[in-house]
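Morning, everyone. Please have a look at the model on the screen, and I will talk you through it.

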Amino acid sequence: MSTFLKNASMHRSLMIGGVLTLLLLSVAVLSLFWTPWSPTAIDIANKLKGPSAKHWLGTDHLGRDVLSMLMSGSQISIIVGFLAVSVGLLVGVALGALASTYRGWVEELIMRMSDFSIAFPIIITAVLLTAILGPGTVNSILAIGLFNIPIFARITRGAANAAWAREYVMAAQTCGKGRLRITIEHVLPNISGALIVQATILFAVAILAEAALSFLGLGTQPPEPSWGKMLNNAQTFVGLAPHLAIFPGLAIALSVMGLNLIGDGLRDVLDPKLARAR
Amino acid sequence: MLQVKNLNITIAGATRDISIVKDVSFELDAGRSLGVVGESGSGKSMTALALMGLLPGAIRASGSINLAGQELLALSEQEMCSVRGNKVAMIFQEPMTSLNPVQTIGRQVAEPLVLHKAMTRTAAREETIRLLDRVGIPDAARRLDVYPHQLSGGQRQRVMIAIALSCSPNVLVADEPTTALDVTVQRQILDLLRELVSETRMALIIISHDLGVIGEMVDEMLVMYGGSVVERGHADQVFAKPAHPYTSRLIEAIPRFGMPRSERLKTIPGTMPEMGSEMKACIFAGRCDLVYADCLEAPPPFVSVDDAHVAACIRAGRVMETTQ
């Protein structure tokens, strides 16, 4: 563990990503207790104001404080990202592991099903789902999670198949262990690195997807603040009050970049072979 | 105790089946050791995997593998799981990669005990310390919680042997157990294996392309070429008087200590016939310098040249005479 921490602290992109993500998390936690203003407090008299000492990042078309909205909006982003990745991780890894454990028709069935669902872009899946279930945060989590399942299934199956070809798995087989048991005890722990990396990257994708869905009006519904919806509202006033688009855009970009940098950094740190090659 | 009869291994091909091991037969008693030699692709590792019931997907074994009255080829995968690691165990060529890098060695050695002997974790832990101690891991009790990367190659191979021994198997299959180790460690591991065979009365099958290893380790040997057994007999007899031209050439090809520098190392010209090529002639005919017209007519039968010493060569007697 200590060598892991040492390697991690040596890695610049991991450090930058870590700081950005930590910032995102602390802002979300802080917003649970304190925001400069109430993110839903309307003050029409002070609408569309630029950044000032009173409203650091300005106000929107209803006079709401942009900083406060951004801060509470981060909660939604994190919750959606976390839950969507969890859904994808749990179901996808289970399916991928099952495919590589039993091979044959089980593998064919699972992989063809994931090919099928991967053929639909995330937005189409989400629009389809919200058309059936109605828009909302829970349904956008479901939509993004559903989209993550085949991605995790493919990654898991690929990495697990490679692990099955390793000598220690063969050695475990000569001890008389069943295939499912070998998958759980030997294969999954050895591919966890690849899965963690994929999870952080898909976390970023999920934040982006949530913003996109809210932008389209399919995700989080008013009055709950969300970054995507802030961007959507900002459209009309881009010429008048560009800060309304800039700050949520920056928040999304920085969060996604932070998570991507963590993903890249973890890949290097968790895979010593790759790190040495660089 | 272990009887292998007419073991054939085939790969199911798109148009026809490709035969990679043909009619391998041998017997092995408890406490005896058998060496299987042959070059890459001679089918020796496939034979070992067939014994473990671990042939990959499209590869099928037929014939008979009888272990202490149990027909292994007839067992279901589930039944085979209770045999593997329990009655037959195996160690591999690469100790560096044969242990799970993310589990402690204590856990990995204890695993078969919990699995087959239904031991509790605590009892298995005690037994693990005894096993690690037996295979020569110093300070075994403290090494239980060590991860594989903290051990040297020789120590890892010792751990592999401890895992293989844990359930006192009837047969231990060692596939090139010392190829990846340096010479001094190689010697220690071979000595350990030899001690364990005489101590536990298990049967040992060593697969190697190194005649030196085979020569000093085993009671009987099997020489394989192109998927077939070409010679079988007591190791001493085979080494002293090889009866198949291939064995004879293999032995001549071993570099001798103190041979003059001007002398070139002997080789066997040519390459092994392609896998699955249908053989009407003797399989070695293409590389043999004793080839006669009738060698090309039909595959040669086994010729008995001595007590329990047979060779698949119609000139077996002549080969024996010509070797010095």
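First, the ground rules. This is a predicted model, where local features need pLDDT of at least 70 and side-chain atom pairs count only at pLDDT 80 or more, while totals for chains, interfaces and linings use all residues. Residues are numbered from 1 along each chain as its sequence is written, and chains are lettered from A and ligands numbered from 1 in the order in which they are written.

Chain A, then. It has 11 helices and 0 strands. Helices here are DSSP runs of H or I with at least four residues, strands are E runs of at least two, and both are numbered from the N terminus. The C-alpha atoms of chain A fill a box of roughly 75 × 45 × 30 Å along the principal axes. Chain A has 278 residues, and 47% of them count as buried. Buried means 20 or more other C-beta atoms within 10 Å of the residue's own, exposed means 12 or fewer, and partly exposed is in between, with C-beta atoms placed from the backbone. Now contacts: two residues touch if their C-beta atoms, placed from the backbone, lie within 7 Å. Take the contacts in chain A between residues at least 6 apart in sequence: 69% join residues at least 24 apart.

Next, helix α6 of chain A, residues 137-164. Helix α5(A), residues 122-133, packs on α6(A) at about 140°, axes 9 Å apart. Axes are lines fitted to C-alpha atoms, for helices over the stretch in contact, and angles run from 0 to 180 degrees between N-to-C directions. So α5(A) and α6(A) are oblique to each other. On the cut-offs: under 35 degrees is roughly parallel, over 145 roughly antiparallel, 65 to 115 roughly perpendicular, and the rest oblique. The crossing of α5(A) with α6(A) is right-handed. Residues making this contact include A:Leu129 and A:Leu133 of α5(A), and A:Leu146 and A:Phe147 of α6(A). By class, this contact has 9 nonpolar, 4 polar and no charged residues. Nonpolar covers Ala, Val, Leu, Ile, Met, Phe, Trp, Tyr, Cys and Pro; charged covers Asp, Glu, Lys and Arg; the others, Gly among them, are polar.

Helix α4(A), residues 104-118, also meets α6(A): their axes come within 9 Å and cross at roughly 140°. That crossing is left-handed. Handedness goes by how the near helix is turned from the far one by less than a right angle: anticlockwise is left-handed, clockwise right-handed. Among the contact residues are A:Met111 of α4(A) and A:Arg154 and A:Arg157 of α6(A). The classes here are 5 nonpolar, 2 polar and 2 charged.

Over to chain B. Is strand β7(B), residues 171-175, mostly covered or open? Covered: 5 of its 5 residues are buried. β7(B) pairs with β6(B) in the parallel sense over 4 bridges. Pairing takes at least two DSSP bridges. On the β8(B) side, 5 bridges join the two strands, again parallel. B:Val173 is bridged to B:Met90, and B:Val173 also stands opposite B:Ile205 in β8(B).

Last, the interface. Here 24 residues of chain B contact 15 residues of chain A. Which element of chain B gives the most? That is α3(B), with 4 residues. The chain B side divides into 14 nonpolar, 7 polar and 3 charged residues.
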